[in-house]
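Hi everyone, thanks for making the time.

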Amino acid sequence: QVQLGESGGGLVQAGGSLRLSCAASGRTFNNIDMAWFRQAPGKGREFVARISLTTGSTDYASSVKGRFTVSRDNAKNTVYLQMNSLKPEDTAVYYCAARNRFNAVYPYWGQGTQVTVSS
């Protein structure tokens with residue numbers, strides 16, 4: 001049983017910054033990938049960024065590349081999403097997810113944190 005908890009969301013003006021955190025607790029597993037997804041009102045789930053806790057390798061959606069940075073703190077079982085140059089279209093509920101490095105699906109999800117960017 002792996003539990004994920006996101007924090008750090010809020011309301012910011014366009015061009016501002018936020019830093020999201022996701023902490024994993026409970027029974028964790030080896031070769032873990034952790035990722036960020038988001039879902040805007042009336043829209044489907046969108047991949048944002050991923051990091052391997054084993055290798056540090058990262059991957060980003062084209063829409064956020066160059067603006068967002070995902071990082072890890074393995075000692076704390078925590079990942080971060082630094083979001084800079086925020087745009088109104090970044091407004092969404094942001095979710096943290098975890099999977100085995102060699103799997104395609106994400107069995108573990110956090111509750112989500114709201115990010116709202118005003119124009």
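One word of caution before we go on: what you see is a predicted model.

Let's stay with Val2 for a moment. This residue lies in strand E1. Leaving aside residues up to four places away in sequence, Val2 touches Ser25, Arg27, Thr28, Phe29 and Tyr108. Now look for Trp109 in your sequence. Val2 and Trp109 are 107 residues apart in sequence, yet their C-alpha atoms are 8.8 Å apart in space.

If you zoom in on the E7 end, you'll find E7 paired with strand E8, residues 78-83, through 6 bridges in the antiparallel sense. Across that pairing, Asp73 stands opposite Thr78 in E8.

Next, the strand pairings around E11, which covers residues 113-118. How many bridges connect E2 and E11? There are 4, and strand E2, residues 10-13, pairs with E11 in the parallel sense. As an example, Leu11 has Thr116 in E11 as its bridge partner. Strand E9, residues 92-100, is joined to E11 by 3 bridges, and those two run antiparallel. There, Tyr94 has Thr113 in E11 as its bridge partner. E11 also has two faces: Thr113, Val115 and Val117 make up the covered one, while Gln114, Thr116 and Ser118 make up the uncovered one.

How many disulfides does the model have? The count comes to 1. That disulfide joins Cys22 to Cys96, with 2.0 Å from S to S. The angle about the S-S bond is -80°, and the link is left-handed. Cys22 lies in strand E3, residues 18-26, and Cys96 in strand E9, so the pair ties together parts that are 74 residues apart in sequence. Both ends are tucked away: Cys22 is buried at a relative accessible area of 0%, and Cys96 is also buried, at 0% relative accessibility.

That leads us to the interior. As a general point, nonpolar side chains in soluble globular proteins tend to be buried together. Here, the largest nonpolar core has 29 residues, and the ones with the most contacts inside it are Met34, Trp36, Leu81, Met83 and Tyr94. The elements giving two or more residues to this core are E1, E3, strand E4 (32-39), E5, E7, E8, E9 and E11. Take Leu81 as an example: not counting residues up to four places away in sequence, its contacts include Leu18, Leu20, Trp36, Val48, Phe68, Val70 and Tyr94.

Now for the aromatic rings. How many aromatic pairs does the structure hold? It holds 4. One of them is Phe37 with Phe47, an edge-to-face pair at 5.7 Å centre to centre and 75° between the planes. This pair links distant parts of the chain, with Phe37 in strand E4 and Phe47 in strand E5, 10 residues apart. Phe37 counts as buried at 7% relative accessibility, whereas Phe47 is partly exposed, with a relative accessible area of 22%. And here is Trp109 again: Phe37, Phe47, Tyr106 and Trp109 form one aromatic cluster.

One last stop, also in E5. Which residues does Ser52 touch? Setting aside residues up to four places away in sequence, Ser52 touches Ile32, Asp33, Ser57, Arg72 and Arg101. Ser52 lies in strand E5, residues 45-52, and is buried, with a relative accessible area of 5%.

That's my tour, and I'm happy to go back to any part of it.

Definitions and conventions. Residues numbered from 1 in each chain as written. Predicted model: local features only at pLDDT ≥ 70, side-chain atom pairs only at ≥ 80, totals over all residues. Heavy atoms only, no water. Buried < 20%, exposed > 50% of the residue type's maximum accessible area, 1.4 Å probe, protein only. Pairing = 2+ DSSP bridges. Disulfide = S-S within 2.5 Å. Contact = heavy atoms within 4.5 Å. Core = buried A, V, L, I, M, F, W, Y, C linked by side-chain atoms within 4.5 Å. Phe/Tyr/Trp six-rings, centres within 6.5 Å; stacked < 30°, edge-to-face > 60°.
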